[in-house]
Amino acid sequence: MKNIVKKYGDGFPAVNDVSIDIADGEFVILVGPSGCGKSTLLRMIVGLEDITSGDMMIGGKRVNDLAPRDRNLAMVFQNYALYPHLTVFENIAFPLRLAGASDAEIQEKVRAASKTLELDEHLERKPGNLSGGQRQRVAMGRAIVRDADAFLFDEPLSNLDAKLRGQMRTEIARLQKKLGITTVYVTHDQTEAMTLGDRVAVLKRGLLQQLASPRELYENPGNLFVAGFIGSPPMNFLPAKVDGTKVELPFGTVEIPADKAERVAGKGLLIAGIRPGAFEDASLIDTSHANLGSTFRAKVDVVEWLGNETYAYLPFEAPPEVQEQLLQLEKDLDGDSLRTQLVISLDGASRVKEGDEAEIWVDTTQMHLFDPASGDNLTVDHENAGQIPVYA
Ligand SMILES: Nc1ncnc2c1ncn2[C@@H]1O[C@H](COP(=O)(O)OP(=O)(O)OP(=O)(O)O)[C@@H](O)[C@H]1O
Ligand SMILES: [Mg+2]
């Protein structure tokens, strides 16, 4: 995709200058909140939506003006679009019959697909009698027999309950590896994005924010939006006054590594981003490790013990200078309040209790510092952050 723009009738740019290069066999996720343009982008790849400007290239060939059937792509829809009166076999065979394939070819291809998908024993059944996961596999079977150049999925799991969603996620990942077929997958669920994708494209209001591997996104988010979107529970955002290697946070002053300090020298009030997992109960940190981070004392108002880990909630009030930015971020993320509490994840062995004034350790090497005006991550390690487009 080269500088792809989509303006609908009213002139609103649903997709705004998006460039993404997807390699053969790659599994790429398009993720972002509702209305950010994911489905529109996917539909432009398949040819179900006109492209306002830019180039859509498949295998080196510009396909902007090709009809969907001439692009040889297979779209798996959210509702699977199976024919209820046809058997599983005939549902899978459908595109082959449409193309006028011989009976022998149909037998061979459907059998091969059903073997891969483990649907052999269900071939004579009707979709209505199958589980959600089995229906999903039938829909994928129909895509497989066509020998499509790529699979395109638009939120295929959003109709399923949480448990099945987890199972199907693993199954799609396994199948994609087995088939090695280029796949573009739309979701608004950051967990699906992180677990399925070789690379993830994060979109906001039609603009690509960052294109990177899940690990790069998690460790080196390019801006506040990506930082807040990726990770659960989300990254904490705190007002931060920087002075050399000292950073003043609402809970006290911590030390940051010199290389980070250098990148934010002379900046006034910034927004610090720290993931819940970067904190620990100070009493559980051994002395050799302790000086790699900083400790502070803070009041804990709620504790949730989950066995292997403990979430602790530390209330704070963001100062007026960053309220506005954090409020906007909350809206962009459809999220909980980012301005009033710190969520930290401690080891399950921690004895921190509600109401305690606890001693908390924080790994400041994992702290990010964002420009409150632009939202840019000033401490990002660009070598390990994939692509971060710059907009004028
Ligand atoms: N047919 C249309 N006419 C006008 N505007 C549209 C049309 N379809 C979508 N839009 C607008 O384009 C933007 C992107 O829509 P799109 O369906 O691509 O979002 P999405 O990221 O898939 O969201 P969701 O997660 O809710 O499915 C939205 O602001 C939407 O209002
Ligand atoms: Mg959509």
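Me: Which residue in β2 stands opposite Lys 7?

Reply: Lys 7 stands opposite Pro 13 in β2. This is a predicted model, in which local features need pLDDT of at least 70 and side-chain atom pairs count only at pLDDT 80 or more, while totals for chains, interfaces and linings use all residues. Residues are numbered from 1 along each chain as its sequence is written, chains are lettered from A and ligands numbered from 1 in the order in which they are written, and side-chain values use heavy atoms, with hydrogens and water left out.

Me: How many bridges join β1 to β2?

Reply: Two strands pair if DSSP finds at least two bridges between them. Helices (H or I, at least four residues) and strands (E, at least two) are DSSP runs numbered from the N terminus. Here β1 (residues 2-7) and β2 run antiparallel and are joined by 3 bridges.

Me: In what order do the strands of this open sheet lie?

Reply: The order is β2-β1-β4, with antiparallel pairing among the 3 strands. At the edges are β2 (13-18) and β4 (53-55), each of which pairs on one side only.

Me: Why is strand β3 described as largely enclosed?

Reply: Buried means under 20% relative accessible area, exposed over 50%, and partly exposed in between (1.4 Å probe, protein chains only). In β3 (residues 27-31), 5 of the 5 residues are buried, so the strand is largely enclosed by the rest of the structure. Phe 27, Ile 29 and Val 31 point one way, and Val 28 and Leu 30 point the other way.

Me: Which strands does β3 run parallel to?

Reply: With β9 (residues 182-187), β3 pairs in the parallel sense over 5 bridges, and Ile 29 has Tyr 185 as its bridge partner there. With β10 (residues 199-204), β3 is joined by 4 bridges, also in parallel, and Val 31 stands opposite Val 202.

Me: How is the span of helix α4 read?

Reply: The expected span is 1.5 Å times one less than the number of residues. Helix α4 (residues 132-145) has 14 residues and reaches 20 Å from first C-alpha to last, close to the 20 Å expected. Of its 14 residues, 13 are buried. Asp 147 follows α4, with a positive phi near 50 degrees.

Me: Is Asn 91 buried or exposed?

Reply: Asn 91, in helix α2 (residues 88-98), is buried, with a relative accessible area of 0%. Contact means heavy atoms within 4.5 Å. Not counting residues up to four places away in sequence, Asn 91 touches Leu 82, Tyr 83, Leu 86, Pro 127, Val 138 and Arg 142.
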